[in-house]
Amino acid sequence: MSAAVDNGHKNSLQDTSWADGLRGIAALFVMFSHMTMAFARWIVIPSYGKNGPVYLMQRPIFRLVASGAAWVAVFVILSGFVNSLKAVKLARAGQTEPALSNLATSSFRRSFRLVLPATAATTLSWFITQLGAYHTAKASDAYWLYTTSPNPSASWGTAVEDLVYAIRTTWTYNPENPYDQPQWALLYLLQGSMFVFTALLVTINLTPRWRVLTLMVLYFWSWNWGVKLGDPMVGPNVFTGIMLTELNHSEYPLRFAKFSPIFVPPLLVCGLVFMSFPSQFQDWAPWSDLLLRWYWKLAPRNAELMRFWPTLGAQILTLTVVMSPHLRRALSHRWFIWLGKISFPLYLLHGSFMRSILAWMLFSRQQITEMEEEGHKYMRYPLPGKATFVVVMPTFMVILFTATHFWATKVEPLFGRITKMAEDVMLGKIETNTALPVRKD
């Protein structure tokens with residue numbers, strides 16, 4: 001019986017499909033955080049007033065539906081983990097040249113597989129903006145909807161200029177995309193993949209022990225210089241992902257598997273509580289006020305308050321999964337794997353669908369009324385009653401997941417073919433006339 005359990009643990013610890021499952025959950029909770037910002041902003045604060053009444057959804061772990069920053073951190077960690085997985089395995093086997101070749105190829109593909117879908121999603125959002133699809137969302141009292149819904153351009157000529165601007169600024173310093181706000185994180189995901197390539201390029205010839213020690217130095221160092229690159233949390237999360245890859249390929253997960261039911265649950269709870277840290281009014285609840293005081297004592301100088309604890313929590317969460325065969329097995333369930341396959345389309349499309357289809361479903365029968373906010377009066381559609389949400393939200397989810405599944409199965413393969421064609425041409429797999437011919441002497 002014990003041997004069977006050990007073999008089961010070994011099989012679970014060799015399987016890395018859990019990363020797809022966790023990525024899918026992260027994408028789902030990013031969407032939930034935007035829904036929370038739109039329809040239930042009271043969850044964002046930890047209580048009603050300093051030491052005031054606290055509702056269930058404002059308590060730690062339950063409030064993870066409002067912790068978008070924590071789930072974006074999970075995305076970045078998994079990016080570091082997945083992008084380094086094969087290269088580290090080859091390096092540990094002494095196959096340095098194949099490892100470097102894999103790094104170069106995967107980094108090349110990563111750029112295309114991020115930029116192409118993002119550009120397509122931006123273009124889709126831009127087009128329906130010009131058709132007035134976001135008018136209802138813009139006039140609603142749903143905060144996240146009306147603050148992220150752009151107005152149509154003055155003319156189609158101006159619209160083309162606006163589209164070019166949106167695509168360009170998605171990939172520039174302090175990124176912004178007026179047609180798809182969640183794309184602010186894509187530059188940092190691309191930046192993170194370049195960190196993986198650079199870090200492993202420097203350390204690929206080191207032994208695993210020295211490579212991990214070097215990555216630890218980079219981890220702590222990046223808390224200092226990361227802010228100069230626009231986001232201080234990318235470096236720590238990416239280097240965490242690479243170190244988790246090293247841990248995944250080591251014997252430690254299997255060696256400690258029998259003890260994982262003892263140490264994993266408290267670690268998991270700790271990580272989820274850290275991820276629950278509110279983005280504002282942190283001193284209103286005792287638990288978040290305690291973390292706030294610890295932040296001022298422990299955090300590096302350039303760390304962001306609202307993201308320090310969520311980032312550490314995301315790192316602890318992924319560590320517990322790597323060390324737990326039970327969590328790995330759970331996250332490798334076929335439904336979680338499917339959720340992981342549609343995670344990027346879900347991340348790209350949910351905003352546009354919320355501002356168009358969901359806004360129409362929720363507000364089409366509402367009467368526009370006068371409202372006052374910070375001394376200014378506005379005409380907006382009020383939020384509908386709970387019964388409307390109960391009916392509308394399941395229907396919307398079916399529409400959204402059907403669309404993301406279609407994107408993942410029909411549209412993503414097209415981007416894959418374009419990436420393969422570019423790879424063949426640019427890496428010299430297809431003979432073409434060179435711009436600067438090679439000398440023959």
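**Close-up views of a predicted model**

**View 1. The loop residue F281.** F281 lies in the loop between helix 12 (260–275) and helix 13 (286–298). As in every view here, the model shown is predicted. The phi angle of F281 is near 50°, a positive value in a residue other than glycine. With a relative accessible area of 36%, F281 is partly exposed.

**View 2. The loop residue N51.** The loop that joins helix 2 (18–39) to helix 3 (68–92) contains N51. Its phi angle is near 55°, again a positive value in a residue other than glycine. N51 counts as exposed because its relative accessible area, 57%, lies above the cut-off, which is set at over 50%.

**View 3. A nonpolar patch on the surface.** Five residues, L206, W210, L213, M216 and F220, form a nonpolar patch on the surface. Together they have about 520 Å² of accessible area. One of these residues, W210, is placed in helix 9 (residues 208–225). The relative accessibility of W210 is 54%, so W210 counts as exposed.

**View 4. S222, a buried residue of helix 9.** Helix 9 also holds S222. In contrast to W210, which is exposed at 54% relative accessibility, S222 counts as buried, with a value of 0%. When neighbours within four places in sequence are left aside, the contacts of S222 are P232, G235, P236 and F239.

**View 5. Helix 7 and its buried face.** Helix 7 (residues 156–169) is made of 14 residues. From its first C-alpha to its last it reaches 20 Å, close to the 20 Å expected at 1.5 Å a residue. Its buried residues are A159, L163, A166 and T169. Seen down the axis of helix 7, these buried residues fall within an arc of 145°, and they therefore line one face of the helix. The cover over the buried residues of helix 7 includes helix 4 (96–130).

**View 6. Q130 in helix 4.** Q130 belongs to helix 4, and helix 4 is part of what covers the buried residues of helix 7. At 13% relative accessibility, Q130 counts as buried, since the cut-off for a buried residue is under 20%. Neighbours within four places in sequence aside, Q130 is in contact with P152, S153, W156, A159 and Y179. Q130 and Y347 are 217 residues apart in sequence, and their C-alpha atoms are 22 Å apart in space.

**View 7. The salt bridge of D20 and R23.** Side chains of opposite charge can pair when their charged atoms come close. A search of the whole structure finds 13 salt bridges. In one of them, the side chains of D20 and R23 meet, with a distance of 2.6 Å from N to O. D20 and R23 are three residues apart in helix 2, which means that about one helical turn separates them. D20 is buried, at 19% relative accessibility. R23 likewise counts as buried, with a relative accessibility of 19%.

**View 8. A salt bridge between distant parts of the chain.** R380 forms a salt bridge with D141, and the closest N and O atoms are 3.8 Å apart. This pair links distant parts of the chain, the two residues being 239 residues apart. R380 is in strand 2 (residues 376–380), while D141 is in the loop between helix 5 (135–138) and helix 6 (143–148). R380 counts as buried, at 9% relative accessibility, whereas D141 is partly exposed, with a relative accessible area of 28%.

View 9. D424 and K420 are four residues apart in helix 18 (residues 386–426), so they are separated by about one helical turn. D424 is buried, with a relative accessible area of 13%, whereas K420 counts as partly exposed, at 41% relative accessibility. Elsewhere, salt bridges that share partners join D20, R23 and K341 into one network.

How values were computed. Residues numbered from 1 in each chain as written. Predicted model: local features only at pLDDT ≥ 70, side-chain atom pairs only at ≥ 80, totals over all residues. Heavy atoms only, no water. Patch = residues over 30% accessible without salt bridge, like charges linked within 9 Å, V, L, I, M, F, W, Y side chains within 5 Å. Areas by Shrake-Rupley, 256 points an atom, 1.4 Å probe, with all protein chains shown as cover. Salt bridge = Lys/Arg side-chain N within 4 Å of Asp/Glu carboxyl O. Buried < 20%, exposed > 50% of the residue type's maximum accessible area, 1.4 Å probe, protein only. Expected span 1.5 Å × (residues − 1). Arc of directions from axis to C-beta. Contact = heavy atoms within 4.5 Å.
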